[in-house]
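Here is a short report on one protein chain. Look at the sequence and the 3D structure first, then read on.

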Amino acid sequence: MKSQRPITSDDEHRVLQFRPRTSPSPVVHRGGGIVQPLHGAPEPLDLSRYEQPRAEPDDFRHRMLANIAALAFTIALTAIGIWLAVSIADLRRTQDCVLMGRRDCVRITTPHI
């Protein structure tokens with residue numbers, strides 16, 4: 001059986017020169033046309049161009065209260081999850097003990113006098 005090899009050409013193995021974006025871009029020839037770079041004031045490289053004026057000022061107190069409420073909810077949810085995992089593990093341990101035929105599976109707590 002013959003092994004098939006892909007047909008390669010010299011066009012697939014070109015090395016392109018890297019030009020940083022900070023340098024002015026030269027005229028690029030693509031296809032049959034010429035692409036001219038934009039001439040104008042360079043835009044700032046931060047996110048200020050996406051900012052929009054707010055109708056009302058930012059309420060720092062409300063935002064902090066919302067963050068505290070979200071943190072408390074997350075902590076409560078985590079605590080409930082841990083309690084549930086421990087309870088399920090304890091029930092599984094008790095069930096395994098009963099299924100093995102043992103009689104002393106349940107812990108009996110006595111009050112201290």
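## A pair on the helix

Asp90 and Arg93 lie 3 residues apart in helix H1, so about one helical turn separates them. Their side chains meet in a salt bridge, with N to O at 3.3 Å. A salt bridge here is a side-chain nitrogen of Lys or Arg within 4 Å of a carboxyl oxygen of Asp or Glu. An α-helix has 3.6 residues a turn, so residues three or four places apart point the same way. Asp90 is partly exposed, with a relative accessible area of 36%. On this scale, buried means under 20% relative accessible area, exposed means over 50%, and partly exposed lies in between (1.4 Å probe, protein chains only).

## The model and its numbering

This is a predicted model: local features need pLDDT of at least 70, side-chain atom pairs count only at pLDDT 80 or more, and totals for chains, interfaces and linings use all residues. Residues are numbered from 1 along each chain as its sequence is written, and side-chain values use heavy atoms, with hydrogens and water left out.

## Overall layout

The chain has 1 helix and 2 strands. From the N terminus on, its elements run β-β-α. Helices (H or I, at least four residues) and strands (E, at least two) are DSSP runs, numbered from the N terminus.

The chain has 113 residues, and 3% of them count as buried. It exposes about 12400 Å², of which carbon and sulfur atoms supply 60%. Accessible areas come from the Shrake-Rupley method with a 1.4 Å probe; for residues, only the protein chains shown count as cover.

## Helix H1

Helix H1 covers residues 60-99. H1 has 40 residues and reaches 58 Å from its first C-alpha to its last. That is close to the 58 Å expected at 1.5 Å a residue. The expected span is 1.5 Å times one less than the number of residues in the helix. After H1 comes Gly101, whose phi is positive, near 95°.

UniProt, in an unreviewed entry, places the feature "transmembrane region" at residues 64-86. UniProt positions are given in the numbering used here, feature names are shortened, and annotations may be inferred rather than shown by experiment. In the model, residues 64-86 are 100% helix and 0% strand. The end C-alpha atoms of this stretch are 33 Å apart.

## A nonpolar patch

Which residues make the nonpolar surface patch of about 450 Å²? They are Ile80, Trp83, Leu84 and Ile88. Trp83 is found in helix H1. At 57% relative accessibility, Trp83 counts as exposed. Patches are made of residues with over 30% relative accessible area and no salt bridge: like charges are joined within 9 Å, nonpolar side chains (Val, Leu, Ile, Met, Phe, Trp, Tyr) within 5 Å.

## The disulfide

A search of the whole structure finds 1 disulfide. It joins Cys97 to Cys105, S to S 2.1 Å. A disulfide is a pair of cysteine sulfur atoms within 2.5 Å. The torsion about the S-S bond of Cys97 and Cys105 is about -80°, so the disulfide is left-handed.

Are the two cysteines buried or exposed? Cys97 is buried, at 9% relative accessible area. Cys105 is buried too, at 15%.

## Other salt bridges

The structure holds 3 salt bridges. Side chains of opposite charge can pair when their charged atoms come close. One of the bridges links Asp58 and Arg63, at 2.7 Å from N to O. Asp58 is partly exposed, at 45% relative accessible area. Arg63 is partly exposed as well, at 37%.

Another bridge links Arg102 and Asp104, at 3.7 Å from N to O. Arg102 counts as partly exposed, at 46% relative accessibility. Asp104 counts as exposed, at 56%.
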